[in-house]
Amino acid sequence: MDKLARRFDGPPGQEDMPYLLTPGPLTTSRSVKAAMLADWGSRDVEFRRVVAEIRKGLLDLAGCDETYECVIMQGSGTFAIEAALGSFCPATGRKTLVVANGAYGDRAAAILAKIGRPHAKIDKGDSAAPTVAEVIAAIEADPEISHVWVIHCETTSGIVNPIADIARAVKQRGKTCMVDAMSSFGALPLDMKDGIDVMVSSSNKCIEGVPGFSYVLVKHDMLAASKGHSHSVVLDLFEQWKGLEANGQFRFTPPTHALVAFHQAMREHAEEGGVAARGRRYARNAQVLIKGMREMGFSTLLSDNEAGPIIQTFLTPRDPHFHFERFYEDLRLRGFAIYPGKLTRRPSFRIGTIGKVDEKVMAGVLAAIREVLAEMNVTDLSPLEA
Ligand SMILES: Cc1ncc(COP(=O)(O)O)c(C=O)c1O
């Protein structure tokens, strides 16, 4: 990689690579990276123990009792999403309601369309949370709706949806509640017993592991009843579960290094103080970042009570000297990779506040932003019109 200019000298772990201020892959600890410095046999008894401990640990973290199962799936988060949609959503007669307020809700609806599963959609745009009343109204308006898919933290904007209230309302109406908790699980409280039947997340988010696999927590009875329902051989959660249960092994080559790194990451998550402590660290990161950005003159897309601690969306300044590509690259050269994706309909950019980063890193990126803006001669940080 390029020689880093005037690089930020932050907490250890990133060697001479930039801190990843993104929603994942994200910055991991040195000990998580070090766990990968060995080659594990996927059928080895020690490796199978690691896999069993991960499955058990994830169930515990989500408040699951013995009525739930954990199925690990190779591949990024979207692989587990497609696996869950294909394994559990009805193929005929009944429908899945997708509660969308950003790119990840749209993607779930696109997957259902592609695999031919009937669905309806609530579309909230990309910067407003769905309300419980809206979900209830949609369910009551269409008796064919049997399943509801909703996102915990919509990483498009960083907004946190009222997941526990929605899950309880969905359950009270006898429907199946499925949650994409990809970018929130491990940092925001989530209790499956609130009425969540299915939850999906992945290795490279708030547990602070590396990319390579995703996982689905699901009611045992629902999983057992899904035999033969999947549209796919590879993404069939019932068959994946049967394989893991039979001998603790994966059906197809697992990402061994990512799994042992995640095992270490789970240990560090517990040592830090679990979900509450991790959520507090991320919340401090978010507060420091937002305060500093506002002091400079930036505006946020979301108000403080809507924005979660995962990722922050800032509106693109109207100053004609502001060019995002240069801004991004000059920050990267100073040791910070912010998130280049432009997902929201309003011109904006995002900075992630998760991963093995702290307030010192946030102070570092703020100082770097001030320098880069001065070099670019940007003075008017008021936002571009919508
Ligand atoms: C809420 C949410 N859902 C789904 C995904 C997709 O995950 P992946 O890119 O790992 O496939 C992401 C990724 O950031 C996400 O934040």
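1. Let's start with Ala-120, which counts as partly exposed because 18 C-beta neighbours lie inside 10 Å; buried would need 20 or more other C-beta atoms within 10 Å, exposed 12 or fewer, and partly exposed is in between, with C-beta atoms placed from the backbone. Please keep in mind that this is a predicted model, where local features need pLDDT of at least 70, side-chain atom pairs count only at pLDDT 80 or more, and totals for chains, interfaces and linings use all residues. Residues are numbered from 1 along each chain as its sequence is written.

2. Ala-120 belongs to strand S4, residues 119-123 (strands are DSSP runs of E, at least two residues, and helices runs of H or I, at least four, numbered from the N terminus). Leaving aside residues up to four places away in sequence, Ala-120 touches Lys-95, Leu-97, Ala-138, Asp-142 and Ile-145; contact means C-beta atoms, placed from the backbone, within 7 Å.

3. Now to two helices. The axes of H5 (residues 132-141) and H6 (residues 163-172) come within 9 Å and cross at roughly 25°; axes are lines fitted to C-alpha atoms, for helices over the stretch in contact, and angles run from 0 to 180 degrees between N-to-C directions. That makes H5 roughly parallel to H6, a label for angles under 35 degrees, with over 145 roughly antiparallel, 65 to 115 roughly perpendicular and the rest oblique.

4. Where H5 meets H6, Val-132, Val-135 and Ile-136 face Asp-165, Ile-166, Ala-169 and Val-170 in contact. By class, this contact has six nonpolar, no polar and one charged residues; Ala, Val, Leu, Ile, Met, Phe, Trp, Tyr, Cys and Pro count as nonpolar, Asp, Glu, Lys and Arg as charged, and the others, Gly among them, as polar.

Definitions and conventions. Contact = placed C-beta atoms within 7 Å.
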